[in-house]
Amino acid sequence: MLKVMLRVFAFLLFFQLPVQLCGAKTDTTGFAAFAQAERELIPVAKSFINARNDAQRRLAANLVYERLGKLLAEPNSWNYPFDSLRLSTVSVLSAPDGHCRFFTWNLILKSGEHKYFGYVQYRQG
């Protein structure tokens, strides 16, 4: 039994650990937190279109508003592209001069009423 345990330990130590260390990626851009928050935001953004009722749609749209607002207030958020969010239900448009960008989305209620949400983010400096 001891021999088996030693073999397993040796295998893990000499083969698995170096593979994991070599394969480990470090975030050199500083965008790992933005990417994670964006991944968590996308299902919520899609749910204000697909939700069953208006209360769920409003809740999802307001949640996107809160979370995206916090993200955009973070330092260095201007440099993050939000590419995956663009593919959801949130429009991300940059001004031609590159000084600001717009994040907008439209909540359509069962009655046909439209509620518009959005942010304007200005480049600092």
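**Figure 1. Overall view of the secondary structure of the predicted model.** The protein comprises 4 helices and 3 strands, which follow one another from the N terminus in the order α-α-α-α-β-β-β; helices (H or I, at least four residues) and strands (E, at least two) are DSSP runs numbered from the N terminus. This is a predicted model, in which local features need pLDDT of at least 70 and side-chain atom pairs count only at pLDDT 80 or more, while totals for chains, interfaces and linings use all residues. Residues are numbered from 1 along each chain as its sequence is written, and side-chain values use heavy atoms, with hydrogens and water left out. Of the 125 residues, 29% count as buried, where buried means under 20% relative accessible area, exposed over 50%, and partly exposed in between (1.4 Å probe, protein chains only). Among the contacts with a separation of 6 or more, 49% come from residues 24 or more positions apart, a contact being heavy atoms within 4.5 Å.

**Figure 2. Close-up of the aromatic cluster.** Ring pairs link Phe 31, Phe 34, Tyr 80, Phe 82 and Phe 103 into a cluster; rings of Phe, Tyr and Trp (its six-membered ring) pair if their centres lie within 6.5 Å, with planes under 30 degrees apart counted as stacked, over 60 as edge-to-face and the rest as tilted. The structure holds 10 aromatic pairs. One of them is the stacked pair of Phe 34 and Tyr 80, with 5.5 Å from centre to centre and 20° between the planes. Phe 34 lies in helix H2 (residues 32-50) and Tyr 80 in the loop between helix H3 (54-73) and H4, so this pair ties together parts that are 46 residues apart in sequence. Phe 34 is buried at 7% relative accessibility, and Tyr 80 is likewise buried, at 8%. The rings of Tyr 80 and Phe 82 have centres 4.9 Å apart and planes at 90°, which makes the pair edge-to-face, and Phe 82 is buried at 0% relative accessibility.

Figure 3. The hairpin leaves 5 residues between E2 and E3, and Gly 112 in the turn has a positive phi of about 95°.

**Figure 4. Close-up of the salt bridges.** The structure holds 2 salt bridges, each defined as a side-chain nitrogen of Lys or Arg within 4 Å of a carboxyl oxygen of Asp or Glu. In one of them Arg 86 pairs with Asp 83, the closest N and O atoms being 3.5 Å apart; these residues are 3 apart in helix H4 (residues 83-86), and are therefore separated by about one helical turn. Arg 86 is partly exposed at 34% relative accessibility, as is Asp 83 at 45%. Glu 113 forms a salt bridge with Lys 115, with the closest N and O atoms 3.1 Å apart; Glu 113 is partly exposed, with a relative accessible area of 36%, and Lys 115 is partly exposed at 30%.

**Figure 5. Close-up of a nonpolar surface patch.** Leu 93, Phe 102, Val 120 and Tyr 122 form this patch, with about 390 Å² of accessible area together. Patches are made of residues with over 30% relative accessible area and no salt bridge, like charges being joined within 9 Å and nonpolar side chains (Val, Leu, Ile, Met, Phe, Trp, Tyr) within 5 Å; accessible areas come from the Shrake-Rupley method with a 1.4 Å probe, and for residues only the protein chains shown count as cover. Tyr 122 belongs to strand E3 (residues 114-122) and is exposed, with a relative accessible area of 54%.

Technical notes:
Two strands pair if DSSP finds at least two bridges between them.
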